[in-house]
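Here are my notes on this one, as numbered points. Have the model open while you read.

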Amino acid sequence: MPNDRETLTQLQLRAFDLRIDNLTAITAAASGHPGGTLSAMDILQTLFFGEMRHRPHEPHWPDRDRFVLSKGHAVPALYTVLAHAGYFSRDLLPTLRRLGSPLQGHPANFLTPGIEASTGSLGQGFSIAIGMALASRLDSGGQRRVYALIGDGESQEGQIWEAAMAAPKFGLDNLCVILDHNKGQIDGYVDEVMSLNPIADKWRAFNWHVVTCDGHDYPSIQAAFAEARATRGKPTFILAETTKGKGVSFMEGKIGWHGVAPTQTQLEDAVKELRAARAALEANVGTLGQVGQVGNAGKSGGN
């Protein structure tokens with residue numbers, strides 16, 4: 001199997017483009033969740049541009065790994081990553097939430113290539129992922145890996161903890177659950193609404209292998225996924241420490257950006273900031289040429 005994992009600089013540069021496209025789509029829709037999409041973006045890019053086996057031009061390839069966005073309201077981030085990966089044209093992104101668009105406000109797997117499960121009712125996506133991991137064991141001996149991204153507020157749902165009990169019972173070491181721990185939810189800061197702490201200890205008590213990473217540092221995220229792949233006999237929970245609104249200074253850590261779309265002026269300010277940061281990185285590392293589409297489709301060719 002060829003090693004076509006993208007370089008760190010390619011991931012870092014594309015991260016700015018992803019955030020710009022994501023915010024542009026949310027602004028065009030005048031509706032969406034900028035804070036939690038920006039916090040999840042680097043995790044999603046790492047999955048689809050290096051970690052997962054998948055084929056953008058063959059989205060139903062039987063041996064693909066599966067990803068379930070359990071925090072379904074963050075789907076603009078997933079749409080953006082899928083578009084950059086080549087699942088569909090980036091020109092579709094500004095049709096977010098429009099009547100007749102395949103890019104609805106929550107994931108719909110019957111409308112959009114690359115979407116594995118229709119989610120949005122918090123907690124349910126995690127349970128769906130468990131079913132997929134069990135099916136992988138039956139069909140492929142567990143060779144197909146399953147990833148699920150959950151949220152902070154979502155983790156207050158009882159169904160999350162029912163699922164957390166179930167996965168270790170079945171020894172689902174092909175299942176990896178990532179918490180986008182941006183510490184905010186629609187009602188306020190998580191610690192003030194209903195604290196999840198001690199998060200890592202709770203998941204360990206449920207017999208999960210627990211890894212903590214910086215959810216905006218690509219080597220840290222990649223190392224966490226590598227540790228998950230090497231773990232046998234139990235599922236892995238990745239506690240990804242993230243920042244709500246990451247990448248845009250006036251959004252970072254601000255609860256008010258949980259579910260409010262930027263105005264056109266605010267979008268312009270955000271885009272200006274992101275483009276300036278991208279240009280500074282390019283100047284720092286030299287000209288790399290155009291960042292291409294997902295190479296990890298090649299990862300699909302081997303096993």
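1. A definition to begin with: a crossover counts as right-handed if, with the strands pointing away from the viewer, the path from the first strand over the helix to the second runs clockwise. By that rule β6, α8 and β7 make a right-handed β-α-β unit. Helices (H or I, at least four residues) and strands (E, at least two) are DSSP runs, numbered from the N terminus.

2. Some housekeeping. This is a predicted model, where local features need pLDDT of at least 70 and side-chain atom pairs count only at pLDDT 80 or more, while totals for chains, interfaces and linings use all residues. Residues are numbered from 1 along each chain as its sequence is written, and side-chain values use heavy atoms, with hydrogens and water left out.

3. On to the sheet. It is open, with five strands in the order β1-β2-β3-β7-β6 and parallel pairing; two strands pair if DSSP finds at least two bridges between them. The edges are β1 and β6 (209-214), each with a single partner strand, so one side of each has no neighbour in the sheet. From one strand to the next the twist averages 20°; axes are lines fitted to C-alpha atoms, for helices over the stretch in contact, and angles run from 0 to 180 degrees between N-to-C directions.

4. Now strand by strand. β2 (residues 146-151) and β3 (residues 175-181) run parallel and are joined by six bridges, with I150 opposite L179 in β3. β3 and β7 also pair in the parallel sense, over six bridges, and there H181 stands opposite E241 in β7. Parallel again, β6 and β7 share six bridges; V210 has F237 in β7 as its bridge partner.

5. What covers the sheet? Helix α8 (residues 218-230) packs on it, touching β2, β3, β6 and β7 (236-241). The direction of α8 makes about 165° with that of β6.

6. The nonpolar cores deserve a look; each is a set of buried Ala, Val, Leu, Ile, Met, Phe, Trp, Tyr and Cys residues joined through side-chain atoms within 4.5 Å. The largest has 44 residues, and F48, F67, L78, I178 and F225 touch the most other members. Helix α3 (residues 75-85) gives this core its largest share, eight residues. There is also a second, separate core of 28 residues, with A148, L172, W203 and F237 among them.

7. Leaving aside residues up to four places away in sequence, F225 touches I43, T46, L47, E51, Y147, C176, I178 and I238; contact means heavy atoms within 4.5 Å.

8. How many residues of α3 are buried? Eleven of the eleven, so α3 is largely enclosed by the rest of the structure. Its buried residues pack against α1 (8-29), α2 (34-51) and β1 (66-69). After α3 comes G86, with a positive phi near 105°.

9. Last, G259, in the loop between β7 and α9 (264-285). G259 is partly exposed, at a relative accessible area of 40%. Not counting residues up to four places away in sequence, G259 touches G32 and H33. G259 and P219 are 40 residues apart in sequence and 29 Å apart in space, C-alpha to C-alpha.

Key:
Buried < 20%, exposed > 50% of the residue type's maximum accessible area, 1.4 Å probe, protein only.
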